[in-house]
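Please look through this note with the structure open beside you.

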Amino acid sequence: MAAVCALALAGCGDGDGGKGGAEPDKDAGTGAATVQLPRLDGQKVQVVAVWTGPEQQAFTKVLDEFEKRTGAEVAYVPTQDAMLNYIGTKIAGGAPPDVAMLQQVGALEQAVERKWAKPAGAEAKAQLAKNYSKGWQDLGAVDGTQYGVYFKAANKSLIWYNTAVFENAGVSEPKTWKELLSTAETVSASGVTPFSIGGADGWTLTDWFENVYLSQAGPEKYDQLAEHEIPWTDPSVTRALTTLAEVFGRPNLIAGGAAGALQTEFPASVTQTFTGGDAPKAGMVFEGDFVSINIAQTEAEIGTDAKAFPFPAVGSEPPVVTGGDVAVALTDKPATQALLTFLASPDAASVWAAEGGFISPNKSMDPAVYPNDVQRDIGKALIAAGDDFRFDMSDQMPQSFGGTPGKGEWKALQDFLKNPKDIAGTQARLEADAAKAYKGKS
């Protein structure tokens, strides 16, 4: 893993004609600056993202650091998951946000197609070249032009477990899907429901599907399905849904059964796994590294009470699915580009990393800033993977299919959780919705 960037300030051209940049305050908590930023006194920047609660608090600290260094004033606006709809409304009203944190590759492509996104400036591109692998740079580019900075990444191939539950059941971390099912049965027999599923948030179900599909069908099929080069009625999808039904079709393995899971939002799916003493509502919860920020809302200690293991291999290899939030400029303000440059630096990444619930694809960030060994190991593994990963499939798709509450894949998989015997019907609905969404994609 690359060492942390040199501490000397790197000189760079900037949008205000080359005025000197400001060093961070001594109490800023990020050490010496690795990137120089312009003075932006009097300029205002509005940033939109989906983060609320602890994530919003952590990101606000990042923006506070930017304000200290530049003198700019940053306003943060949390939005709903359908980010493009929100941005479109604001643009139509003549008041676009300056920077949007998009969650889908497909949303980035659509923002470029609609001519909303502005290309990244020279300083931001220099930080990307210095701090990011080619794979992460490419994810932020459209047709060879760099637009986005992947600020926050996610390892979405993790299962977190309550260590006391595992100890009481006498089980260890499973490495294969078959072992996972066996572990679940043993945990169930010990008196604790094995899985907590936040089915009220459809994206958690797409992550379940993607990990099973990538490991079972392989990366080539995964890429083909992501681009809709093969239909959702393909036999590989049949196999994946059949496998997924081995969990979804067993109500006794899911906290609250399917009905309960569909009423459980993601944060609650985590906290109920790590509260309740010797009788939590579940012993395991599947999701990415960001689960840790929700665990932090309980009394459980990560590394002792709460641990994680890689999503077990369904096929020959365990899956490595990643996700991420990409910062995109929507205005031409100097402050907008300066914020992109800052977000591409290890300085910005270090602020949130120290708070927890965050993994950075920035290879120049010192992993020592992570708050515990569990997150440090997850972060190091992401960097060590280089370009050998697959990005979240639903996030690569048109937002209308892969990223809208109550529609497309989210809704189809929620219906599948409710009735996992209807595999053919689920595939037919997925294909019909996908065909419609991709037909509208240029």
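1. Start with the largest nonpolar core. It has 84 residues, and Phe59, Met101, Leu102, Trp160 and Leu343 touch the most other members. A nonpolar core is a set of buried Ala, Val, Leu, Ile, Met, Phe, Trp, Tyr and Cys residues joined through side-chain atoms within 4.5 Å. Buried means under 20% relative accessible area (1.4 Å probe, protein chains only). Helix α14 (residues 334-343) gives the most to this core, six residues. Helices are DSSP runs of H or I with at least four residues, and strands are runs of E with at least two, numbered from the N terminus.

2. This is a predicted model: local features need pLDDT of at least 70, side-chain atom pairs count only at pLDDT 80 or more, and totals for chains, interfaces and linings use all residues. Residues are numbered from 1 along each chain as its sequence is written, and side-chain values use heavy atoms, without hydrogens and water.

3. What does Leu343 contact, beyond its neighbours within four places in sequence? The partners are Phe59, Val62, Met101, Tyr132, Val149, Phe151, Ala327 and Ala348. Contact means heavy atoms within 4.5 Å. Another core, of 54 residues, lies apart from the largest one; Tyr222, Leu253, Phe286 and Val314 are among its members.

4. Arg69 sits in helix α1 (residues 53-70). Arg69 counts as buried because its relative accessibility is 0%.

5. Now the lining of the largest cavity. Helices α8 (202-217) and α12 (266-271) and strand β9 (284-286) each supply at least two of its residues.

Definitions and conventions
Buried < 20%, exposed > 50% of the residue type's maximum accessible area, 1.4 Å probe, protein only.
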